[in-house]
Amino acid sequence: MLIAGFPAGAWGTNCYLVAPAAGEECVIIDPGHQATQGVEETLKKHRLKPVAVVLTHGHIDHVASVVPVCGAKNVPAWIHPEDRYMMSDPEKAVGRSLGAQLMGELTVGEPDDVKELYDGAELKLAGLDLSVSHAPGHTKGSVTFGLPEAADIPSILFSGDLLFAGSVGRTDMPGGSHAELLTSLARVCLPLQDSTVVLSGHGPQTTIGQERATNPYLRGLDAAPAPRRGM
């Protein structure tokens, strides 16, 4: 298994390229703000051929490079239908004050080929089996992507902005809901094995076991909240 990731843009959003091995097909997860160069460098370094872009949610820091990446490689983008509008209308998704700052810098819109995700979907892409879990709270259409345990490789959760090392995604933007986020954490994250590696939308990797033991949002709702990352 090859997973190559890098933080992109002003928000340090983690973009991941995932493939069975170097020299094979891959999927690209969350090519966000100023991610195009990093994607190209990673593809070249590992001799990868992308077959799809998959998106954990529609915030501009996760989708800003979708159009150029999909256009250059002629591949589809997968997104949950409740977040699809965000690709064309990021100001509506993040609020007017932040959106006004972005509109002069970014070209927005959908790629030519958009496919919609749904809860429980199993995507067979690039020789990978990605399981999709709808996980609203940060946005209405947030999802996670899971990879099963294989040989000596633990299972992996691409958590987007649902779960971070020591924290969770913010819920104060349009479509956010703290109650829904907690429900998603309980439904999507808590049932996973402690050894599951969590690769989130911002910050370092962690494990479900580490978060179960130390993350205040998983240990108990009365604990003092940790600083929140992400847009």
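Reader: How many bridges join E10 to E13, and do the two strands run parallel or antiparallel?

Author: Strands of a sheet pair through backbone hydrogen bonds, either parallel or antiparallel. In this predicted model, E10 and E13 run parallel and are joined by four bridges.

Reader: What is the sense of the pairing between E13 and E14?

Author: E13, residues 197–200, pairs with E14 in the antiparallel sense, over two bridges. Val 197 stands opposite Thr 207 in E14, and Val 198 stands opposite Thr 206.

Reader: Are the faces of E13 covered or open?

Author: Both faces of E13 are covered. Val 197 and Leu 199 lie on one side, Val 198 and Ser 200 on the other, and all four are buried.

Reader: What is the strand order of the sheet, and which strands stand at its edges?

Author: The sheet is open, with six strands in the order E7-E8-E9-E10-E13-E14 and mixed pairing. Strand E7 (122–125) and strand E14 (206–207) stand at the edges. Each has a single partner strand, so one side of each is left without a neighbour in the sheet.

Reader: Which helix packs on the sheet, and which strands does it touch?

Author: Helix H6, residues 178–189, packs there, touching strand E8 (128–134), strand E9 (143–147) and strand E10 (156–160). The direction of H6 makes about 145° with that of E8.

Reader: How is the packing of H1 and H3 described, and at what angle do they pack?

Author: Two packed helices are described by the angle between their axes and the distance between the axes. Here H1 (residues 36–46) and H3 (residues 66–73) pack at about 35°, with their axes 9 Å apart. On the H1 side the contact is made by Thr 36, Val 39, Glu 40 and Leu 43, which meet Pro 68, Val 69 and Lys 73 in H3. The residues of this contact divide into four nonpolar, one polar and two charged.

Reader: Is Asp 30 buried or exposed, and is Gln 34 buried or exposed?

Author: Asp 30 is buried, with a relative accessible area of 2%. Gln 34 is exposed, at 58%.

Reader: How many disulfides does the structure hold?

Author: A disulfide is a covalent bond between the sulfur atoms of two cysteines. The structure holds zero disulfides. For Cys 15, the nearest cysteine sulfur is that of Cys 26, 9.5 Å away. Cys 15 is buried, with a relative accessible area of 0%, and Cys 70 is buried too, at 3%.

Reader: What is the mean pLDDT of the chain, and where is the pLDDT below 50?

Author: The mean pLDDT is 90, and 90% of the residues reach 70 or more. Over residues 221–227 the pLDDT is below 50. Beyond near neighbours in sequence, that stretch has eleven contacts in the model.

Notes: Residues numbered from 1 in each chain as written. Predicted model: local features only at pLDDT ≥ 70, side-chain atom pairs only at ≥ 80, totals over all residues. Heavy atoms only, no water. Disulfide = S-S within 2.5 Å. Buried < 20%, exposed > 50% of the residue type's maximum accessible area, 1.4 Å probe, protein only. Axes fitted to C-alpha atoms, helices over the stretch in contact; angles between N-to-C directions. Contact = heavy atoms within 4.5 Å. Nonpolar A, V, L, I, M, F, W, Y, C, P; charged D, E, K, R; others polar. Pairing = 2+ DSSP bridges. pLDDT = per-residue confidence, 0-100.
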